[in-house]
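Open the model in your viewer and keep the selection tool at hand. The tour goes stop by stop.

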Amino acid sequence: MAQQAYVTEKDDGGSGDERPGSRLRRLAARLTGPWRGDPRIWRRGLVLAAVAGVLALVMLVHSRIPNRIGNLGSLTETFLPWCGLLVPVLLGLALLRRSATALIAVVLPAVVWLNLFGGLLTDKTAGGGDLTVATHNVNADNPDPSGTARAVAASGADVVALEELKADAVPTYTQALASAYRYHSVQGTVGLWSKYPLGDVRAVDIKLGWTRAMRATVTTPAGPVAVYVAHLPSVRVKIEAGFTARQRDKSADALGEAIAHETLTRVILLGDLNGTMNDRSLNAVTSQMRSTQGAAGNGFGFSWPASFPMARIDQIMVKGIEPESSWTLPETGSDHLPVAARVSVTTS
């Protein structure tokens with residue numbers, strides 16, 4: 001009889017395995033136990049809620065942050081994706097404070113961040129493509145130019161752009177790339193190496209007084225493509241002056257104007273733009289071209305600094321061409337990571 005009573009009790013769920021729903025309810029009760037009956041859960045964490053609201057507002061209206069004072073708008077836009085790191089911090093503090101108000105407020109910046117950058121979290125790479133290109137700021141003080149050149153060539157790129165070339169290092173790069181690239185041209189501190197013939201090669205004036213940009217027609221099997229290589233002026237973050245980028249902005253406008261007047265319909269821009277796609281000061285360029293990373297990459301594709309990449313300032317952008325995939329290459333002797341992309345020159 002005792003055994004029968006035990007079996008009956010187990011079958012009724014009294015001392016046997018708990019149902020999943022029961023477990024979840026018990027877990028929820030355990031987590032929310034300290035919150036129940038606490039009249040202060042709505043009054044605590046008002047400061048946290050305010051911080052969450054400001055964070056959401058900064059991301060939502062970043063384009064309206066003025067550049068008049070230290071280019072604060074451009075500085076914010078350069079590192080805008082990193083604002084997302086504050087969301088889990090605020091969430092943790094809201095839980096620690098047991099504040100329902102703060103928890104609800106944290107939803108706002110989370111939604112705004114996902115709206116801005118959620119698309120970059122998915123893998124958009126595709127197969128196909130008929131041209132592979134790569135670009136790399138090799139760093140003027142690179143201790144291993146030959147190894148750097150070979151590393152970029154190992155990507156299998158048909159066209160390679162290099163920036164920040166020192167005059168005395170150009171022969172080293174040329175020799176290292178000679179076996180893979182029959183055609184090349186160096187203009188000032190930028191150069192282009194190609195498996196396909198180059199024509200109409202010329203320097204591009206970006207209002208610097210010396211050459212840091214060039215243009216060439218690459219005759220690919222799928223047709224001619226105008227390829228621009230550019231290294232825009234560096235920017236600095238100074239305590240007394242903020243984000244100093246006036247010369248970079250002026251050069252970006254000049255580069256955008258040159259691309260706008262390009263006669264070929266298929267255009268590729270390779271280079272170190274010292275700015276991200278979010279930076280409004282690059283609108284003269286970014287408004288008329290597509291980022292291969294944004295259109296066909298996997299993740300943010302940060303390229304600088306190489307030791308701990310925080311921003312994608314090395315860009316591959318296209319017009320009249322379809323991006324298929326985009327990625328960063330392994331670290332070399334430079335302080336930048338090389339970036340590469342596979343594109344379809346023949347498009348419908």
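**Before you start.** This is a predicted model: local features need pLDDT of at least 70, side-chain atom pairs count only at pLDDT 80 or more, and totals for chains, interfaces and linings use all residues. Residues are numbered from 1 along each chain as its sequence is written, and side-chain values use heavy atoms, with hydrogens and water left out.

**Stop 1: confidence.** Colour by pLDDT, the predictor's confidence in each residue, from 0 to 100. The protein averages 89, and 87% of the residues score at least 70. Now select residues 1-15, where pLDDT stays under 50 and the model has four contacts beyond four places in sequence (a contact means heavy atoms within 4.5 Å). Where pLDDT is low, the predicted coordinates should not be read in detail.

**Stop 2: a first sheet.** Helices (H or I, at least four residues) and strands (E, at least two) are DSSP runs, numbered from the N terminus; two strands pair if DSSP finds at least two bridges between them. Find the open sheet of six strands with mixed pairing and the order 3-4-2-1-14-13.

Select strand 3 (residues 183-187) and strand 4 (residues 190-194), which are antiparallel and joined by five bridges. Y183 has S194 as its bridge partner, and Q187 stands opposite V190. Two residues lie between the strands of this hairpin, where G188 takes a positive phi near 65°.

Stop 3

Select strand 7 (residues 223-231) and strand 10 (residues 267-272): they run parallel, with six bridges. Y228 has L269 in strand 10 as its bridge partner.

**Stop 4: the cavity.** Which residues line the largest cavity? Select V138, N139, A140, N142, P145, E164, L165, K166, A169 and Y173. A cavity is a set of points on a 1 Å grid over the protein atoms alone where a 1.4 Å probe fits but cannot get out; lining residues have an atom within 4 Å of a point. The largest cavity holds about 40 Å³ of space.

Note on methods
1 Å grid on protein atoms, 1.4 Å probe; cavity = no way out; pocket = protein on both sides within 12 Å on 5 of 7 lines; lining within 4 Å. Points joined across faces, edges and corners; volume = space filled by probe spheres on them.
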